[in-house]
Amino acid sequence: MDGTFEFVDDGDTYIAEALDVTDLLGTDALIEHQNEFVSFTGLTVEPSTDANGNEAAFLYNWDGSGEVGNDLYFNVSVNGQTYNFCVESYLCGADTEVYKAVEALQIGDVINAEGFLYWYEGVNPHITAISAAE
């Protein structure tokens, strides 16, 4: 609150590294990293089910009621647990790489993800980058 920001000509460039919190999924310790830039590795894409019971690799809106340009929701699993991740369209719109990457997901794909650890009724990462796991 009440912070200031100043550009410094010819200053050093700093790009934050994402903290890998994959091992913290499902633990109480994860909330300690709320609002941080984080990564998750080795996630398996699981089915998401819309309000009509149809399964897909992702949904437009949390219940599948949306269309291109709306938020994307998708499920991933690691260590036998499933988690719901989100691409917020106001952060990463339909023309961004991450939005298109989520639209191309297939159930069973193994991916890595980066984003900001948001909390809404539990962990709800806002994803800003997706890549295939090696």
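This is a predicted model: local features need pLDDT of at least 70, side-chain atom pairs count only at pLDDT 80 or more; totals for chains, interfaces and linings use all residues.
**Overall make-up**

The protein chain contains one helix and nine strands. Read from the N terminus, the order of these elements is β-β-β-β-β-β-β-α-β-β. Along the principal axes, the C-alpha atoms occupy a box of roughly 55 × 30 × 30 Å. Of the 134 residues in the protein chain, 34% are buried. Taking contacts between residues at least 6 apart in sequence, 50% link residues at least 24 apart.

**Strand 6**

Strand 6 spans residues 72-78, and seven of its seven residues are buried. In a regular strand, side chains alternate between the two faces of the sheet. For strand 6, one side carries Leu 72, Phe 74, Val 76 and Val 78, while the other carries Tyr 73, Asn 75 and Ser 77. Both of these faces are covered.

Strand 6 pairs in the antiparallel sense with strand 2, with strand 5 and with strand 7. The table lists these partners with the bridges they form and one pair of opposite residues for each.

| Partner of strand 6 | Residues | Bridges | Opposite residues |
|---|---|---|---|
| Strand 2 | 37-46 | three | Thr 44 and Ser 77 |
| Strand 5 | 59-60 | two | Tyr 60 and Leu 72 |
| Strand 7 | 81-87 | seven | Val 78 and Gln 81 |

Strand 6 and strand 7 also form a hairpin, with two residues between them. Asn 79, in the turn of this hairpin, has a positive phi of about 55°.

**Asp 50**

Asp 50 is located in the loop that lies between strand 3 (48-49) and strand 4 (55-56). Asp 50 is buried but takes part in no salt bridge. Lys 100 provides the nearest side chain of opposite charge, at a distance of 24 Å. A salt bridge requires a side-chain nitrogen of Lys or Arg within 4 Å of a carboxyl oxygen of Asp or Glu.

The side chain of Asp 50 does, however, meet backbone nitrogens. A polar atom of this side chain lies 2.8 Å from the backbone nitrogen of Asn 52. The side chain of Asp 50 also reaches the backbone nitrogen of Asn 54, at 2.9 Å. When neighbours within four places in sequence are left aside, Asp 50 is in contact with Leu 59, Asp 63 and Gly 64. Leu 59 belongs to the residue range of strand 5 (59-60), the strand that pairs with strand 6.

Methods:
Residues are numbered from 1 along each chain as its sequence is written. Side-chain values use heavy atoms; hydrogens and water are left out. Buried means under 20% relative accessible area, exposed over 50%, partly exposed in between (1.4 Å probe, protein chains only). Helices (H or I, at least four residues) and strands (E, at least two) are DSSP runs, numbered from the N terminus. Two strands pair if DSSP finds at least two bridges between them. Lys and Arg count as positive and Asp and Glu as negative; His and the chain ends are not counted. A polar contact is a pair of N or O atoms within 3.5 Å; within protein, one must be able to donate a hydrogen and the other to accept it, and residues adjacent in sequence count only if both atoms are side-chain atoms. Contact means heavy atoms within 4.5 Å.
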